[in-house]
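Hi,

Here is the structure I promised to pass on to you. Have a look at it first, and then read on for my notes.

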Amino acid sequence: MDNSQKRILMAKTGLDGHWRGPTIVARALRDAGFEVIMIGMANTNDIVSAAVDEDVDLVGLNIGGHIDVAIRAIQQVQATRPGLPIFAGGTIPPHAAKELEALGVEVYPPGSQLADIVDAAERLTGTK
Amino acid sequence: MTENSDKNSIACSSGIELKPYYTAADIPEAHRARIDVAPGEAPFHRGFHPSGYRSKPWRIFQLSGFGKPEDENERIKFLLRNGETGFIMEHDRNTGDHCYNVNHPEVIARREDVGLTGAVMQSVRDVAICMDGLPIDSSFGHAGGAVVQHAPFALAAYWTVAKQRGFDLGKIAGTGQSDFNLTYLGCVTKEQIPTDAGLRFNADIIEFCDQHLPRWVPVSIAGYNAADTGLTPDQELGTLFANAVEYLDEIKRRGKMPLERAARGCGGVSFRASIHIIEEACKMRAARLMWNQLLSERYGINDTKVSNLRIHCVTAGSKMTYQQPLNNIVRGTAMALGAILGGVQSLGVSGYDEALSIPSEHAHQMSVRIQQILQEETGISDVTDPLGGSYYVETLTAQLVEKAWQFFESIQRQGGYLAALDSGWLHAQAAENQYQEFMATESGAQKIIGVNCFREDESPFHVDGFMGTDDAFDVATERLNDVLRTRHESAAAKALKQLELDCRSDRNIMPAMMDALSAEVTLGEIGDVYREVFGNWNTPIQT
């Protein structure tokens with residue numbers, strides 16, 4: 001299947017505006033053909049609304065703060081749209097990565113390869 | 001260092017091609033005459049002082065803060081006990097940067113984030129707790145307020161506490177930074193005042209300090225925040241001076257204080273020290289030279305007390321890796337070395353756990369130890385400008401000056417620094433560089449040890465993220481309610497009204513801000529005035 005038929009929502013869970021990481025990832029995903037909807041700094045309600053309204057196939061969260069803020073958004077997305085895949089990047093320390101993985105969220109910490117992230121997007125949206 | 005496809009062609013981060021070795025003939029003609037100028041003499045590329053670190057060791061100055069004000073106070077005291085020679089108070093990003101109280105819906109939605117990157121300080125009472133027992137009369141203090149819209153609050157709070165403790169504002173030294181690059185380029189807030197209002201705030205601070213706090217660095221432009229967002233060293237230099245010109249032109253337009261004194265105030269800046277050691281050392285040399293040129297040529301200022309740039313430097317957080325974090329101790333040392341060889345007066349070394357979290361106590365201690373070992377054991381402090389006269393270093397210094405002025409001119413063609421922020425032009429430059437830098441790592445052209453090569457890790461130490469405290473939000477909520485319940489309400493209301501009137505007029509806002517802090521007006525109330533009076537900056541990038 002063609003990546004261009006797949007939509008990815010990208011959001012930042014915190015009020016921390018470091019935009020380097022998500023911008024690079026968004027560019028790589030767009031270069032791979034995906035449609036990327038970036039909503040920037042968003043709270044749980046914003047993320048859940050966008051996931052529904054935009055009818056996305058994958059959610060990418062940039063996490064720069066406490067893992068519990070992200071977990072609240074993840075659980076709400078999972079309750080509203082069961083089965084919608086989620087992956088995450090950012091300054092996610094090892095203990096927090098484990099918590100996210102336990103919720104079925106794939107984690108791409110700093111130093112991850114863009115090729116691996118694009119590969120994950122294709123796998124999680126079923127284009128590969 | 002990036003390699004082109006031609007293996008023989010190597011360029012430094014600024015894109016200047018490097019030769020395998022240099023000779024005297026490589027040094028540009030115009031720069032040759034400067035080589036024998038002594039450190040401490042104009043144009044100052046060789047250093048700020050003839051005896052350099054022998055008489056004036058660089059200040060060990062670490063960014064610090066998290067949790068409740070008392071948590072931050074404890075960490076600062078820990079650092080001072082371990083040999084830090086200045087101190088930095090960091091305010092919480094959720095509340096401070098946005099001028100929100102903890103009861104703002106966007107903060108409540110992220111309550112666990114509160115206090116993660118700085119202490120929550122919503123009133124002068126909180127700031128008093130954070131400053132308890134700190135040597136504010138004998139040390140160089142950073143009051144926080146790195147963010148432009150937050151600086152008037154943070155500074156006024158610090159000064160109000162200093163006054164309450166009986167200190168003469170005319171004698172205390174420090175800074176609050178108030179830097180555009182931080183939240184208009186690097187780490188963009190969800191809401192903030194437009195850039196023209198920010199320029200007015202900074203000019204107000206410069207004028208207020210001129211009258212009341214002559215030893216204070218009123219604004220400190222942070223090239224760091226531009227560089228760690230993606231600008232190359234030459235662009236970092238050009239951007240910093242384009243920013244300085246905005247301040248000086250505004251002060252000149254207002255005509256209320258001598259420009260020399262404003263230039264002195266703007267001449268305490270900070271840069272990023274990245275990993276290309278020699279290029280970074282050259283950058284610091286170039287910066288001093290450029291400041292001298294700028295003041296002399298654009299403003300006719302030749303007073304060497306003014307045109308001698310003072311530099312604080314922080315090692316590049318973005319160069320610290322998540323993988324094999326102990327390797328970052330070496331990276332921190334290498335980056336610190338570049339800054340020191342360039343003759344900076346103040347230095348912070350990023351924690352080895354930078355890519356995971358804010359620094360743990362041990363990571364913080366290590367950042368201090370790196371500096372102490374360099375300062376006390378290596379002999380690096382013995383001779384000023386140890387690289388001076390090197391064919392390579394003098395050539396690259398001169399080339400950086402030239403390339404940085406070209407970038408400065410590019411910004412001027414965009415309408416100036418603030419216009420280049422408003423339009424997103426600077427963000428586009430940074431984004432393109434970020435991507436190229438990332439792709440060089442991705443392809444392996446740029447090796448990052450432990451990340452894209454040599455990934456085997458035998459370390460017996462498990463480094464995990466330091467998460468601070470978990471009661472910052474709850475305690476801040478209690479304390480906010482307590483202030484609102486127990487302050488003199490009519491005095492607070494009156495002071496807040498006066499602040500609003502002054503914001504709407506062209507009066508300097510700082511006197512009213514001082515009165516507001518004394519009357520225990522809170523951060524979020526002040527932020528509400530800003531949002532009402534100034535509106536919101538139209539962010540040119542999608543974060």
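This is a predicted model: local features need pLDDT of at least 70, side-chain atom pairs count only at pLDDT 80 or more; totals for chains, interfaces and linings use all residues.

Chain A has an open sheet of five strands in the order 2-1-3-4-5, with parallel pairing. Strand 2 and strand 5 (106-108) are its edge strands, each pairing on one side only. From one strand to the next, the twist averages 20°.

Strand 1 (residues 7-12) of chain A runs parallel to strand 3 and is joined to it by five bridges; here Ile8(A) stands opposite Leu58(A). Strand 4 (residues 86-90) of chain A is also parallel to strand 3, again with five bridges between the two, and Asn62(A) stands opposite Gly89(A) in strand 4.

Is strand 3 of chain A enclosed or open to the outside? Six of its six residues are buried, so strand 3 of chain A is largely enclosed by the rest of the structure. In a regular strand, side chains alternate between the two faces of the sheet. Both faces of strand 3 of chain A are covered: Leu58(A), Gly60(A) and Asn62(A) are buried on one side, and Val59(A), Leu61(A) and Ile63(A) are buried on the other.

**Helices around that sheet**

Helix 3 of chain A lies across strand 3 and strand 4, running at about 170° to strand 3 of chain A. Helix 5 of chain A packs on the sheet too, where it touches strand 1, strand 3, strand 4 and strand 5 of chain A, and its direction makes about 145° with that of strand 3.

How do helix 2 (residues 44-53) and helix 3 of chain A cross, and at what angle? Their axes come within 9 Å and cross at roughly 30°. Angles under 35 degrees count as roughly parallel, which makes helix 2 of chain A roughly parallel to helix 3 of chain A. The crossing is right-handed. On the helix 2 side, Thr44(A), Ile47(A), Val48(A), Ala51(A) and Val52(A) meet Arg72(A), Ala73(A), Gln76(A), Val77(A) and Thr80(A) of helix 3. The residues of this contact divide into six nonpolar, three polar and one charged.

**Where the two chains meet**

In all, 31 residues of chain A are in contact with 33 residues of chain B. On the chain A side, helix 1 (20-31), strand 2 (35-41), helix 3 (67-80), helix 4 (94-102) and helix 5 (114-125) each supply at least two residues. Helix 1 of chain A gives the most, with four residues. The residues on this side of chain A divide into 13 nonpolar, 13 polar and five charged.

**Chain B**

An open sheet of four strands in chain B has the order 5-6-7-8, with parallel pairing. Strand 5 (86-88) and strand 8 (216-217) of chain B are the edge strands. Strand 6 (residues 140-142) and strand 7 (residues 174-175) of chain B pair over two bridges, and His142(B) stands opposite Thr175(B).

Finally, take a look at Asp502(B), which lies in helix 20 (residues 489-504) of chain B. Asp502(B) is buried, with 21 other C-beta atoms within 10 Å. Leaving aside its neighbours within four places in sequence, Asp502(B) is in contact with Arg507(B), Ile509(B) and Ala512(B).

Best wishes

How values were computed. Residues are numbered from 1 along each chain as its sequence is written. Chains are lettered from A and ligands numbered from 1 in the order in which they are written. Two residues are in contact if their C-beta atoms, placed from the backbone, lie within 7 Å. Ala, Val, Leu, Ile, Met, Phe, Trp, Tyr, Cys and Pro count as nonpolar, Asp, Glu, Lys and Arg as charged, and the others, Gly among them, as polar. Axes are lines fitted to C-alpha atoms, for helices over the stretch in contact, and angles run from 0 to 180 degrees between N-to-C directions. Angles under 35 degrees count as roughly parallel, over 145 as roughly antiparallel, 65 to 115 as roughly perpendicular and the rest as oblique. A crossing is left-handed if the near helix is turned anticlockwise from the far one by less than a right angle, and right-handed if clockwise. A residue is buried if 20 or more other C-beta atoms lie within 10 Å of its own, exposed if 12 or fewer, and partly exposed in between; C-beta atoms are placed from the backbone. Two strands pair if DSSP finds at least two bridges between them.
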